[in-house]
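Q: Please show the structure, so that each term applied to it can be set against its definition.

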Amino acid sequence: MKSQSLPQRFLAFDYGEKRIGVATGNSKIGTTQALTVLNCQSDQPDWTAIDKLINEWQVEAFVVGLPLNMDDSEQPITKKAKKFGNRLHGRFGLPTFFHDERLSSVEVKEYLFEMGGYKKVKQDIDAYAAELILKSYFEETEKI
């Protein structure tokens, strides 16, 4: 699958039970941007806020980070991330892709530390993790 056959405008999510990082990106030009962190109540995101982001960024598809163990096995949060992705698809009817997110938070912390900004953006770490998930997804789909 070449990037031309991919939807162009994406929202990516780094799912967590309490916080969900959100990023946007364009697969055609390969850009990504961390956007925000949404708080969850009882494992439920703010669906209205997600709807606003979809409309604001004219989103055509979603990427949800899939937290896997190093041996590729699933953990309890993996099932919750899948459920979240399936709900996104069900609510908004847009294609939803899952992408391995192992080590994304660690990589984001290292990147931000190198840039000297970790302390400044610590509260937004999940949004940067979502951006990294989307970048990785774009890189993987270009190889296919």
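Q: Which residues do ring pairs link into a cluster?
A: In this predicted model, ring pairs link Phe13, Tyr15, Trp47, Phe62, Phe84 and Phe92 into a cluster.

Q: How many aromatic pairs does the rule give, and how is such a pair described?
A: The count comes to 11 aromatic pairs. A pair of aromatic rings is described by the distance of the centres and the angle of the planes.

Q: Why is the pair of Phe10 and Phe97 called tilted?
A: The ring centres of Phe10 and Phe97 are 6.3 Å apart, and a pair requires centres within 6.5 Å. Their planes stand at 45°, whereas stacked needs under 30 degrees and edge-to-face over 60.

Q: How do you know whether Phe10 and Phe97 are buried or partly exposed?
A: Buried means under 20% relative accessible area, and partly exposed lies between that and 50%. Phe10 has a relative accessible area of 0%, so Phe10 is buried. Phe97 has 23%, and therefore Phe97 is partly exposed.

Q: Which residues have the most contacts inside the largest nonpolar core?
A: Leu11, Phe13, Ile50, Ile54, Phe62, Phe84 and Leu88 have the most contacts inside this core, which has 20 residues. Two or more residues come from each of strand 1, strand 2 (19-26), helix 1 (47-57), strand 4 and helix 2. Helix 1 gives the most, with five residues.

Q: Which residues does Phe62 touch, not counting residues up to four places away in sequence?
A: Phe62 touches Phe10, Leu11, Phe13, Ile54, Leu88, Phe92, Leu94, Pro95, Thr96 and Phe97. Another core, of eight residues, lies apart from the largest one; Ala61, Ile133, Leu134 and Phe138 are among its members.

Q: Why is the pair of Glu60 and Arg9 called a salt bridge?
A: Side chains of opposite charge can pair when their charged atoms come close. The definition asks for a side-chain nitrogen of Lys or Arg within 4 Å of a carboxyl oxygen of Asp or Glu. For Glu60 and Arg9 the N to O distance is 3.1 Å, so the pair meets the definition. A search of the whole structure finds four salt bridges.

Q: Why does the pair of Glu60 and Arg9 tie together separate parts of the sequence?
A: Glu60 lies in the loop between helix 1 and strand 4, while Arg9 lies in strand 1, so the pair ties together parts that are 51 residues apart in sequence. Glu60, at 28% relative accessibility, counts as partly exposed, and Arg9 is partly exposed with a relative accessible area of 27%.

Q: What makes Asp126 and Arg19 a salt bridge, and where do they lie?
A: Their side chains meet at 2.7 Å, N to O, which is within the 4 Å cut-off. The pair links distant parts of the chain: Asp126 is in helix 5 (residues 125-143) and Arg19 in strand 2, 107 residues apart.

Q: Why is Pro67 called buried?
A: Pro67 has 9% relative accessibility, which is under 20%, so Pro67 counts as buried. Pro67 is found in the loop between strand 4 (61-66) and helix 2 (76-92). Leaving aside neighbours within four places in sequence, Pro67 is in contact with Gln75, Ile77, Thr78, Ala81 and Glu101.

How values were computed. Residues are numbered from 1 along each chain as its sequence is written. This is a predicted model: local features need pLDDT of at least 70, side-chain atom pairs count only at pLDDT 80 or more; totals for chains, interfaces and linings use all residues. Side-chain values use heavy atoms; hydrogens and water are left out. Helices (H or I, at least four residues) and strands (E, at least two) are DSSP runs, numbered from the N terminus. Buried means under 20% relative accessible area, exposed over 50%, partly exposed in between (1.4 Å probe, protein chains only). Contact means heavy atoms within 4.5 Å. Rings of Phe, Tyr and Trp (its six-membered ring) pair if their centres lie within 6.5 Å; planes under 30 degrees apart count as stacked, over 60 as edge-to-face and the rest as tilted. A nonpolar core is a set of buried Ala, Val, Leu, Ile, Met, Phe, Trp, Tyr and Cys residues joined through side-chain atoms within 4.5 Å.
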